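Subject: Structure handover

Hello,

Please find the structure below. My notes on its salt bridges follow.

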Amino acid sequence: THVRWEVGEYPDLTQDIVIGKLPGMTDENIVMVSHTDGFFEGASDNGAGTAAMLGTAEHFAKISKEKRRRTLYFVALLDHHSGDRASRWLHDNFQSVFAKTAMILNSEHVAVLHSVLDRRWGSNDRPSLVATNTYEPSWWGVYGSERLARVIAHGLATFGVPTQLAQGGSAGEAANVQFDAPSFYLDNKGTFYHTD
């Protein structure tokens with residue numbers, strides 16, 4: 001196998017926050033955020049989260065405004081891995097939106113495959129990490145009320161989403177805004193999270 005790697009530098013490029021809005025029938029909002037930069041294993045961190053957010057936006061864009069009770073915001077944030085300036089900007093500049101927000105959702109690391117420590121079948125090899133055909137159990141958290149936490153936990157269990165039993169872990173990209181309105185995050189890290 002021969003590999004040729006060409007790397008280019010583009011010093012004049014700029015990046016920015018992208019905000020999509022689908023108006024609803026009331027002034028109450030739902031805000032979904034996703035960071036668009038990658039650090040390691042960019043397909044899962046956070047290509048999958050960005051794809052999930054775009055898919056959600058596409059789904060609701062096909063529904064007429066009259067059938068959307070709340071206004072939906074889809075916010076693509078940059079700089080998660082090198083300072084998190086964008087989510088701080090969101091905290092500082094979106095308070096009027098958050099004041100009427102029913103839920104902030106973080107779409108981050110939504111498709112990391114689970115691994116187990118095992119030997120190859122029929123061998124006496126040293127155990128190594130083996131990929132499985134299921135998703136890594138996620139850490140999760142809810143800010144708002146105990147009732148909201150029970151609704152979220154029940155929904156995760158109903159749909160077979162593998163999670164840690166109790167809330168825990170970081171809110172990730174939503175960390176700067178998680179207390180600005182009721183919020184929810186479901187974030188799986190995987191064995192290889194931010195490591196080579």
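Salt bridges

The count comes to six salt bridges, a salt bridge being a side-chain nitrogen of Lys or Arg within 4 Å of a carboxyl oxygen of Asp or Glu. This is a predicted model, in which local features need pLDDT of at least 70, side-chain atom pairs count only at pLDDT 80 or more, and totals for chains, interfaces and linings use all residues. Residues are numbered from 1 along each chain as its sequence is written, and side-chain values use heavy atoms, with hydrogens and water left out.

One of the bridges pairs Arg70 with Glu28 at 2.8 Å, N to O. This pair links distant parts of the chain, 42 residues apart: Arg70 lies in the loop between α1 (43-61) and β3 (71-77), and Glu28 in the loop between β1 (18-22) and β2 (29-35). Helices (H or I, at least four residues) and strands (E, at least two) are DSSP runs, numbered from the N terminus.

For exposure, buried means under 20% relative accessible area, exposed over 50%, and partly exposed in between (1.4 Å probe, protein chains only). Arg70 is partly exposed at 22%, and Glu28 is partly exposed at 26%.

Another bridge joins Arg85 and Asp79, at 3.4 Å from N to O. Here Asp79 is buried, with a relative accessible area of 2%, whereas Arg85 is partly exposed at 46%.

Asp125 and Arg120 also form a salt bridge, with 2.6 Å from N to O. Arg120 is exposed at 57%; Asp125 is partly exposed at 31%.

Finally, salt bridges with shared partners join Glu28, Arg69 and Arg70 into one network.

Regards
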